[in-house]
Amino acid sequence: MKIHAKITAVMMCLFLHIVILKGQENLEISKIFSEFGKLEGSTLVQLGTDVLDKNTKINFYKSLALPRTSEAEIRIDMALEIDCLNGEKIVESKKNGMVETAYYVLVKERGNGEYRYVLYKNKSKKIYLIYLKGDFPPQELEAELEKLKDLFIFVNKKRIKL
């Protein structure tokens with residue numbers, strides 16, 4: 001009986017791990033979210049369809065705000081370069097050879113045909129990285145992002161605006 005319970009627990013953990021990573025499978029930025037999302041001073045937010053469906057065509061949203069460090073800048077820049085090889089640059093501006101602001105559309109996922117986007121902003125003290133998926137073309141990205149401005153989430157009885 002105890003062995004059956006342990007096997008069930010292990011299977012559930014594996015299933016949850018697969019579900020969580022499905023949104024960013026095979027992307028270098030998934031490593032950035034995993035590693036830097038745990039650092040002190042970082043804020044990691046993930047929203048699924050249960051929150052997003054009512055307001056937007058975005059089906060998956062994950063963002064990371066972290067303190068600006070040279071290590072983070074270099075690692076993110078390398079991850080963006082790898083992930084966006086077969087993608088398309090919507091917007092990209094660089095300063096001193098490093099990406100400062102960027103919007104990329106990645107190759108569509110196989111099977112469901114959703115578009116995948118990576119957004120990046122490197123400000124003076126913070127770095128922002130966003131990964132999102134949805135059934136809308138790049139021309140509608142700005143409009144979909146505008147809809148998120150009105151979305152609020154509550155954490156510990158505090159209202160946080162995205």
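Contact means that heavy atoms lie within 4.5 Å. The exercises below concern a predicted model, in which local features need pLDDT of at least 70, side-chain atom pairs count only at pLDDT 80 or more, and totals for chains, interfaces and linings use all residues. Residues are numbered from 1 along each chain as its sequence is written, and side-chain values use heavy atoms, with hydrogens and water left out.

**Exercise 1. Helix 2**

Determine which residues of helix 2 are buried, how they are arranged, and what covers them.

Solution. 
Step 1. Helices (H or I, at least four residues) and strands (E, at least two) are DSSP runs, numbered from the N terminus.
Step 2. A residue is buried under 20% relative accessible area, exposed over 50%, and partly exposed in between (1.4 Å probe, protein chains only). In helix 2, the buried residues are Ile-29, Ser-30, Ile-32, Phe-33 and Phe-36.
Step 3. Viewed down the axis of helix 2, these buried residues fall within an arc of 160 degrees, so they line one face of the helix. The arc is that of the directions from the helix axis to the C-beta atoms.
Step 4. The cover over the buried residues of helix 2 includes strand 1 (43-47), strand 2, helix 4, strand 5 and strand 6.

**Exercise 2. Helix 5**

Carry out the corresponding analysis for helix 5.

Solution. 
Step 1. Leu-141, Glu-144, Leu-145 and Leu-148 are the buried residues of helix 5.
Step 2. Down the axis of helix 5, they fall within an arc of 100 degrees, so they line one face of the helix.
Step 3. Among the elements that cover them are helix 3 (49-52), strand 2 and strand 3 (88-95).

**Exercise 3. Aromatic rings**

State how many aromatic pairs there are, and describe those of Tyr-117.

Solution. 
Step 1. Rings of Phe, Tyr and Trp (its six-membered ring) pair if their centres lie within 6.5 Å; planes under 30 degrees apart count as stacked, over 60 as edge-to-face and the rest as tilted. By this rule there are three aromatic pairs.
Step 2. The ring centres of Tyr-115 and Tyr-117 are 6.3 Å apart and the planes are at 25 degrees, so this pair is stacked.
Step 3. For Tyr-117 and Phe-136, the centres are 5.1 Å apart and the planes are at 10 degrees, so this pair is also stacked. The pair links distant parts of the chain, 19 residues apart: Tyr-117 lies in strand 5 (residues 115-122), and Phe-136 in the loop between strand 6 (126-134) and helix 5 (141-148).
Step 4. Tyr-117 is buried, at 0% relative accessible area, and Phe-136 is buried at 0%.

**Exercise 4. Ser-63 and Glu-114**

Locate Ser-63 and Glu-114, and decide whether each is buried or exposed.

Solution. 
Step 1. Ser-63 is in strand 2 (residues 58-67). Its relative accessibility is 11%, so Ser-63 counts as buried.
Step 2. Leaving out residues up to four places away in sequence, Ser-63 touches Phe-33, Thr-43, Leu-44, Val-45, Leu-129 and Ile-130.
Step 3. Glu-114 is in the loop between strand 4 and strand 5. With a relative accessible area of 11%, Glu-114 is buried.
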